[in-house]
Amino acid sequence: MIKICMIAMASDAPIKEKQILLAPYTLKRYVENSVTPKGAVEINVIDFPFDADPQKMAHQALQYHPDVVALSFYVWNYLELMKCAEILKKEMNELIIVAGGPMVSFNAEEVMKEHTYIDATSYDDTCGEIIFRDLIQCLLEGKSIEEASGIVYRSNGNKLIKTKEAEGNIHHSAESSPFINNDIVLDDEKGYYVTIETSRGCPFDCGYCLWGSSRKKMEYFPMERVLKEIELIYNNPNVKHVLFVDSNMLLRRERIKQIVQHIKKQKYYKAISQECIYILRQ
Ligand code: B12
Ligand code: SF4
C-alpha cells in the first residue's frame with residue numbers, strides 16, 4: 001500500500017466562497033481507478049486556503065504518514081508550496097515529493113535544478129493523469145521511476161533525467177469524475193466556487209497563453225459525465241458560483257446547446273451567458 005497526500009492551495013483572487021481546485025481531485029480519482037492491484041493506494045487531498053502557512057501545511061500533510069506528497073503548482077501558490085515542499089523534505093527525507101501543474105511543467109528542469117528537495121517534476125501539462133498514474137504504478141511495482149513517463153527526476157547520483165513522453169489517451173468517462181465519485185464533497189453551507197471541465201485542449205495558438213503552446217489536441221468529455229456533473233453541481237444549494245474551465249465551450253455547437261439546456265432544467269441555475277442564449281434561440 002502506498003500512501004499519497006495531494007496538496008491543493010486556493011488562489012488569492014478576490015473570491016468569497018471556498019474554491020474547489022480540480023487537479024488534485026481529478027488525479028486522485030484517476031490514479032485510484034487505474035493502478036493495479038486495485039486498492040493499492042490511499043490518496044488524501046488536503047485543500048488549503050490561499051493564506052495557509054507553509055509550516056502548518058507541511059505538518060498537516062505529515063499527519064497522514066505519506067510515502068508520496070504531490071503538489072499542484074500554479075502562479076498563485078508557487079512560493080508557498082515550494083516552502084512547504086522544502087519543510088516536508090527536511091522533516092522526512094525519505095518522502096517522495098512530486099511536482100506538477102502549469103507553473104512547473106513548462107520549465108521542469110530549471111525547477112529541479114533550483115529546488116533540490118523536489119524528487120520529480122512533470123514536464124507535460126496536458127496529461128497529468130497518465131504521468132501520475134505511471135509514476136505511482138512504478139513505485140507499486142518496485143521499479144525505478146526512470147520507467148515512468150513525462151517526468152524529470154533526480155537520480156541517486158544527483159543527475160537530472162528526463163524520462164520518455166507519456167503515451168495513451170486519458171479516459172474522461174464518468175468513472176473518472178471526482179464529483180460523481182464523491183471525492184469532492186460540497187457540504188459546507190458557507191458556499192463554494194466550483195470549477196468544472198467539459199473538454200481539454202485548444203485548437204488556437206495565442207502567444208500569451210500556456211495552452212496556445214501545448215494543448216493543441218481537443219479532448220471532449222463524454223456527455224453522460226458532463227450532464228451528471230451539472231446535475232450534482234446545479235442542484236446543490238451550497239454552490240454559489242460555477243466556472244467552466246474549458247478553453248472555448250462554443251467549439252461544438254450541439255454540445256453547448258445540450259449543456260446549456262441541461263443547466264436550465266436544474267434547480268439552482270441562475271444565469272447563462274449571452275453567447276449561450278444566442279445559440280439556444282437558433
Ligand atoms: C480555474 C482557473 C483559475 C481560477 C483559480 C482558482 C480555482 N478555483 O481553480 C482563477 C479564476 C482564480 C484563476 C486566476 C488566474 N489564472 Co487561472 N486558470 C484556471 C483554469 C481555467 C483552470 C485550472 C484547472 O483547474 N484546470 C483543470 C485541471 C484538471 O487541470 P490543470 O490544472 O491544468 O492540471 C493538469 C496538469 O497541470 C497536471 N497537474 C496538476 N497538478 C499536478 C500535480 C502533479 C503531481 C502532477 C504529476 C500533475 C499535475 O494534471 C492535471 C490534469 O492533466 C486554467 C486554464 C485551464 N483550463 O487549465 C487557468 C490558468 C491556470 N490560469 C492562468 C493564469 C495566468 C491566471 C491568472 C494569473 C490570470 C490573470 N492574469 O489574472 C490568475 C491568477 C491570479 C491570482 N493571483 O490568483 C494560466 C497559468 C498560470 C500558471 N502558470 O499557473 C492558466 C493555465 C490559463 C492559461 N491558459 O494560460 N485561474
Ligand atoms: S485558451 Fe484561449 S487564449 Fe489560450 S490559446 Fe486557446 S483561444 Fe488562445
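The following legends describe close-up views of a predicted model. Local features are given only where pLDDT is at least 70 and side-chain atom pairs only at pLDDT 80 or more, whereas totals for chains, interfaces and linings use all residues. Residues are numbered from 1 along each chain as its sequence is written, with chains lettered from A and ligands numbered from 1 in the order in which they are written.

**Figure 1. The two domains and the side of domain 1 that touches domain 2.** The domain assignment gives domain 1 (2-162) and domain 2 (174-280); such bounds come from an automatic or database domain assignment. Between the C-alpha centres of domain 1 and domain 2 the distance is 25 Å. Contact between the domains involves 16 residues of domain 1 and 20 residues of domain 2, two residues being in contact if their C-beta atoms, placed from the backbone, lie within 7 Å. On the side of domain 1 that touches domain 2, β2 (18-19) and α1 (22-34) each supply at least two residues, and α1 gives the most, with 7 residues. Helices (H or I, at least four residues) and strands (E, at least two) are DSSP runs numbered from the N terminus. By class, this side of domain 1 has 7 nonpolar, 4 polar and 5 charged residues. Here Ala, Val, Leu, Ile, Met, Phe, Trp, Tyr, Cys and Pro count as nonpolar, Asp, Glu, Lys and Arg as charged, and the others, Gly among them, as polar.

**Figure 2. The shell around ligand 1.** Ligand 1 is surrounded by 34 residues, of which the closest are S11, S72, W76, G100 and G128. A residue is near a molecule if its C-beta atom, placed from the backbone, lies within 6 Å of it. Two or more residues of this shell come from each of α1, β4, β5 (96-100), α5 (128-140), β9 (192-196) and α6 (210-214). The shell around ligand 1 has 21 nonpolar, 9 polar and 4 charged residues. Because domain 1 (2-162) and domain 2 (174-280) both give residues to the shell, ligand 1 lies between them.

**Figure 3. The residues around ligand 2.** The shell is made up of C202, F204, D205, C206, C209, W211, G212, S247 and N248. By class, the residues around ligand 2 are 5 nonpolar, 3 polar and 1 charged.

**Figure 4. The largest nonpolar core and the contacts of I7.** Among the 70 residues of the largest nonpolar core, M6, I7, V69 and L135 touch the most other members. Both domain 1 (2-162) and domain 2 (174-280) give residues to this core, so it lies between them. A nonpolar core is a set of buried Ala, Val, Leu, Ile, Met, Phe, Trp, Tyr and Cys residues joined through C-beta atoms within 7 Å. A residue is buried if 20 or more other C-beta atoms lie within 10 Å of its own, exposed if 12 or fewer, and partly exposed in between, with C-beta atoms placed from the backbone. Neighbours within four places in sequence aside, I7 is in contact with I46, F48, M57, A61, V69, L71, L81 and C84.

**Figure 5. The two faces of helix α2.** In α2 (residues 54-62), the buried residues are M57, A58 and A61. These residues lie on the same side of α2 because they cover an arc of only 95° around the axis, the arc being that of the directions from the helix axis to the C-beta atoms. The buried residues of α2 pack against β1 (2-9), β3 (41-48), β4 (68-72) and α3 (78-91). Exposed residues Q55 and K56 are carried by the face turned away from the buried side of α2.

**Figure 6. Backbone geometry at P37, H65 and N182.** Most residues other than glycine have a negative phi, and most peptide bonds are trans. The peptide bond from T36 to P37 is cis, with omega near -5°, and P37 is found in the loop between α1 and β3. Although not a glycine, H65 has a positive phi of about 50°; H65 is located in the loop between α2 and β4. H65 is exposed, having 11 other C-beta atoms within 10 Å. N182, also not a glycine, has a positive phi of about 60° and lies in the loop between β8 (160-162) and β9. N182 is exposed, with 10 other C-beta atoms within 10 Å.

**Figure 7. The surroundings of A10.** A10 lies in the loop between β1 and β2 and counts as buried, with 21 C-beta neighbours inside 10 Å. A10 and L21 are 11 residues apart in sequence, and their C-alpha atoms are 6.9 Å apart in space.
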